[in-house]
Amino acid sequence: MKQSRRLQLLTLLLATGLAMTVFGALLRGTVGQKIPQLQGIPAPAVPLALLADPTLLQAAQMQETQIQEPGEETLSKPGTDPVTEQPDAAGQPSEPSADPESGSRLPEVQPEPTEPEAETTDPPESGAAEDASIGTVDVSYFDDALFIGDSRTVGLSQYGRLGGADYFADTGMTVFNVLTQEAADTDFSRQTLPELLSGQSYGKIYLMLGINEIGYPFESLLAQYQTVVETLRELQPDALLILCANLHVTRATAASTPRLEPDNIESLDAQIAAMADGQQIFYLDVNPAFCDEEGYLRDDMTGDGVHPYGTGYALWAEWLLEHGIQ
C-alpha cells in the first residue's frame, strides 16, 4: 500500500513537472517574446516568474493593446503610412484629416524628420516655474484633479490612480485630436473634453501630450499645443494647469525611431515649459525618476521601451504626491 502511494505521488509530481514545462514553453513562445526577462530562464520557471511579478504580463498586454489598437500612437509603430495634412485656404495647416479605419484624427508624420529648428532652453530640473511652491501632498489633493493624455496616462489611471482624480486619456491621443476625441472614465461617460470641462469643475488639470506628435511640423505642433492650453484656461479659468514633460523612451526604441532621441523630446519639452507662467500654469518633469544619465528611459522600467511597468506607474504616482503645486 505504501509503495502504491509513493508511485501515485511520483506520478503526480512527474505529471505536474511536465505540465509546467509545456505551459512555460508556450508562455515563453508567446508573451515571452515581448518580455526579455523571460528569455533566459527554464520553461518550468516561466509561470512562477509571471506570478512573482504580474507587471511583466501587464507590460506584454499593454504592448499588445495600447500600441496596436485603432488610433494607435505613431511612436509605437513608426512604419505606418501617414495621413497627409492639407493646408487651408489661408495657407495654414488645417485640422488633420480623419483616418478612415480608426476614426482618429492624425496629422502628417514625417518618416525620419530632422531635429526641430527651434529655440532650445533647458527645462527646469524640477520642472516648476519660478513662483511655484512644490511639496508633498496628501492623496486627497488629487480629488479635484483631471489628467489628460495618451496611453501613458491610461497606464497611470490603471496602475497609479490618485485619490478621486479623473482621467481623460486614450491610446493615440494627441494635441490635434484631444479637443474632438471622446473618452470615458469611472466618473464620467464617453464625451469630448470640452463637454467634460463645461459640466465639471476641476482645481488642477495635468496635461501630458506631444510624444506622438514628434516628427510633425514643429511650429504646427506648438501652435496646436498652445491652442489646447488656451482652451483649457478658457473652460476652467480657476484651475491650476500643470504641463507635464513627455516621458522619454529607451535607447533601443530611440535607435529604431530617431525622432524619439532625448534631444528631440527635450526640445519639445523646453517649449512646453516656456508656456508656464508660475501663477496659473506650471510645468513638471518626471523624467529624472525614470531615466539614466543620458536621458534614456531605463530598461528595467519598461517592457516595450515606451510604457512603464505597472510598478513604474506606481512610482510615478508617488512622485506626483511629492510634487504637489501649492
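# Salt bridges, buried residues and a paired strand

Asp-170, Glu-182 and Arg-190 are linked in a network of salt bridges. The model is predicted. The count of salt bridges comes to six. This briefing starts with those charged pairs.

**Salt bridges**

- Side chains of opposite charge can pair when their charged atoms come close.
- Arg-190 and Asp-170 form a salt bridge, with 3.8 Å between the closest N and O atoms. Arg-190 lies in strand β5 (residues 188-192) and Asp-170 in the loop between β3 and β4, so this pair ties together parts 20 residues apart in sequence.
- Asp-144 and Lys-204 meet through their side chains in a salt bridge of 2.8 Å, N to O. Asp-144 sits in the loop between β1 and β2 and Lys-204 in strand β6, so the pair ties together parts 60 residues apart in sequence.
- Glu-294 and Arg-251 form another salt bridge, their closest N and O atoms being 2.7 Å apart. This pair links distant parts of the chain, with Glu-294 in the loop between β8 and α9 (310-321) and Arg-251 in helix α7 (residues 251-256), 43 residues apart.
- Glu-294 is exposed, with a relative accessible area of 53%. Arg-251 is partly exposed at 39%.

- Lys-204 belongs to strand β6, which covers residues 204-208.
- Lys-204 counts as buried because its relative accessible area is 11%, and buried means under 20%.
- The side chains of Lys-204 and Asp-144 are also joined by a polar contact of 2.8 Å.
- Beyond its neighbours within four places in sequence, Lys-204 contacts several residues, among them Tyr-141, Ala-145, Leu-146, Ala-239, Leu-240 and Ile-242.
- Tyr-141 lies in the loop between β1 (134-135) and β2 (145-149). Tyr-141 is buried, with a relative accessible area of 12%.
- Leaving aside neighbours within four places in sequence, Tyr-141 touches Lys-204, Tyr-206, Gly-324 and Ile-325.
- Tyr-141 and Gly-203 are 62 residues apart in sequence, yet their C-alpha atoms are 9.3 Å apart in space.

**Met-173 in its loop**

- Met-173 is found in the loop between β3 (166-169) and β4 (182-185). Its relative accessible area is 0%, so Met-173 is buried.
- Away from its neighbours within four places in sequence, Met-173 is in contact with Gly-149, Asp-150, Phe-168, Val-178, Gln-181, Leu-209 and Asn-212.
- Met-173 and Ile-211 are 38 residues apart along the chain, and 9.8 Å separates their C-alpha atoms.

**Strands β7 and β8**

- Strand β7 (residues 240-244) pairs with β8 in the parallel sense, over four bridges.
- Cys-244 stands opposite Leu-284 of β8.
- In a regular strand the side chains alternate between the two faces of the sheet.
- Strand β8 (residues 281-284) is covered on both faces. Ile-281 and Tyr-283 are buried on one side, and Phe-282 and Leu-284 are buried on the other.

- Leu-9, Leu-12 and Leu-13 make a nonpolar surface patch of about 310 Å².
- Leu-12 is part of helix α1, residues 2-29.
- Leu-12 counts as exposed because its relative accessible area is 53%, and exposed means over 50%.

How values were computed. Residues are numbered from 1 along each chain as its sequence is written. This is a predicted model: local features need pLDDT of at least 70, side-chain atom pairs count only at pLDDT 80 or more; totals for chains, interfaces and linings use all residues. Side-chain values use heavy atoms; hydrogens and water are left out. Buried means under 20% relative accessible area, exposed over 50%, partly exposed in between (1.4 Å probe, protein chains only). Helices (H or I, at least four residues) and strands (E, at least two) are DSSP runs, numbered from the N terminus. Two strands pair if DSSP finds at least two bridges between them. Patches are made of residues with over 30% relative accessible area and no salt bridge: like charges are joined within 9 Å, nonpolar side chains (Val, Leu, Ile, Met, Phe, Trp, Tyr) within 5 Å. Accessible areas come from the Shrake-Rupley method with a 1.4 Å probe; for residues, only the protein chains shown count as cover. A salt bridge is a side-chain nitrogen of Lys or Arg within 4 Å of a carboxyl oxygen of Asp or Glu. A polar contact is a pair of N or O atoms within 3.5 Å; within protein, one must be able to donate a hydrogen and the other to accept it, and residues adjacent in sequence count only if both atoms are side-chain atoms. Contact means heavy atoms within 4.5 Å.
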